Amino acid sequence: AQQNLPYIQLVDELKQPVKNPKKGRSVVHWMRMCDLRLVDNRALSRASIEAKENNIPLVILFVVSPQDYIAHDRSARRIDFTLRNLEVLKTSLNEMNIPLYAITHSPRTSLPERVISFVQSVDATCLFANMEYEVDELRRDIKVCQLAKTNNIKTTFFHDKCIAEPGLCMTKDGRAYTVYSPYQRLWSTIVNGNLDTYMREAPPIAANSAEVMKDPTLSPLFEQPIPEFVGGFKLETNNKDVMTRVWPAGHDAAKEVVLSRFLRTKARASQLGEVDPLLEGAEESDRKSRLKEYGNARDRVDKDTTSRLSAYLAAGVISPRECVRATMELQKAGKVDTSRENGIGRWVQEIAWRDFYVSVLAYYPRVSMGRPFQEKMANVVWENNEEHLKAWQEGKTGVPIVDAAMRQLNSMGWMHNRMRMTVAMFLSKDLMLDWRLGERYFMQNLIDGDLASNNGGWQWSASTGVDPAPYFRLFNPYNQSTKGDPNGEYIRHFVPELKNVWGPDIHNPPAKLAEKLGYPLPIVKHHEVRERALRRYKNPGKE
Ligand code: FAD
């Protein structure tokens, strides 16, 4: 029953806050791993307004919770990215006299008590936060709300992660959609019918008065440093350097470097003195941009065809509203384009996918508890083969496109969507290894690891999820290779053993050539194992 869902329980809990708490001496915004920004941040913006109206300072709390990171299989990269972003935020906030106080807390079971006692320690009576939709986080927040109430603290939580929050796009009989297309159509109608609600930028936050520095309770908070790493999640120096270069922290990086590069026309790129290989051959007058090309080019993995915003969206360094507003400004159409006919509409549809998977997580939380959405698929018989798992993880399966993609993940913490689907199908269908092993490995290595999207992507690929790929859709990795990387540039880049192989051999090197180059032979033959997968998926529970 819906009322038992942690998401609905939290929403109900929030409907009964302490009504008129006595005036406090400060207002607390509790920043989480999914809203690491000052711009267009709903809860933070509202907390700032509350502080200004009452003429009291704003304080920001961040709780580093190592046990949660372990429970969620967080990658060291994602933790490091979080800390780097906090560092950037702290610098900006210091200039505004707003303390960002980052504490480390264990065990996670007592985290609600710790948060409430912090709120009390700064004499605050209002606590603001943006909602997190993972089950553990929802349960934690229910407890926070209850504790707050008994201590006369008013809690206000906002929907900020998605454009359309869970519960907004529902079927006529009040259930959450389990198929994307009708969900997306309704998403488009609701958002376009209420642009002022779903696209409006949250007002900017105001600085605290310099008096804060004289306050004996608040001024020490400025001294608290952001940790450089969290025990057990330390990135080795080499990898940290690569991550810092490839994924620079901060809202300016997300906006100026990543988003604007994706949106800008060839003419603008030329003005900036940049040569963008993707726009090569385009006339400066035809206003070609990466975004416009997205409709046709997005499945090419040898070119940089997608936005690469996922790390920033997952960590909330930029808001999805800001991204979609940027596409509206570009089109000057006054509405959100979700048509399939052009690059802009296709791209906005991907943002809607993100919302769709959050809705699934909130309304079908079993998907995040290791259960397949399609219950009958719980009985699919998996292989138990450590060697195959290791070969897949290390990018040594002998199937070049799979290996290139896995090595890309291992070296830069990111992979193109088509490759995510290809390697996920290879694991769960060619190797017949349990998809949860892959889901976990992704979370432990991705910089953009996000439970809802990762689980959704894995369950789709393994044909166990909502709106799944039919079980008989079994990507042939060699076809994916010739389509996504026709000239083999992507493979040659990530698989150095094959860097001198040209022509069709790059997709499936003959055994003799592979042996000579020290490249493994395929650990399974696709055309042979295909039948096994079809059989087992068709008859879950049977060999
Ligand atoms: P673009 O193509 O530029 O898309 C823009 C944004 O839309 C992305 O940044 C992302 O926020 C969202 N988006 C795009 N495709 C999807 C999708 N299929 N589902 C949900 N949101 C989407 N995405 C994550 O953010 N975190 C994950 O942990 C994650 N794991 C995945 C695992 C598997 C097995 C699969 C098949 C997909 C997964 N995705 C995940 C979705 C998708 O692959 C990535 O969001 C995308 O590749 C990121 O690259 P981009 O930012 O250049 O995307």
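The model is a predicted one, in which local features need pLDDT of at least 70 and side-chain atom pairs count only at pLDDT 80 or more, while totals for chains, interfaces and linings use all residues. Residues are numbered from 1 along each chain as its sequence is written.

Next, select the buried residues (20 or more other C-beta atoms within 10 Å of their own, with C-beta atoms placed from the backbone), which make up 48% of the 543 residues. The largest nonpolar core has 143 residues, among which Val59 and Leu127 touch the most other members; such a core is a set of buried Ala, Val, Leu, Ile, Met, Phe, Trp, Tyr and Cys residues joined through C-beta atoms within 7 Å. Helix H15 (residues 343-363) gives the most to this core, with 12 residues.

Then select helices H19 (residues 435-445) and H20 (residues 451-461), which pack at about 145 degrees with axes 10 Å apart; the axes are lines fitted to C-alpha atoms over the stretch in contact, and angles run from 0 to 180 degrees between N-to-C directions. Show Trp435, Gly438, Glu439, Phe442 and Met443 of H19, which meet Asn454, Asn455 and Trp458 of H20, where contact requires C-beta atoms, placed from the backbone, within 7 Å.

Key. Helices (H or I, at least four residues) and strands (E, at least two) are DSSP runs, numbered from the N terminus. Two residues are in contact if their C-beta atoms, placed from the backbone, lie within 7 Å. A residue is buried if 20 or more other C-beta atoms lie within 10 Å of its own, exposed if 12 or fewer, and partly exposed in between; C-beta atoms are placed from the backbone.
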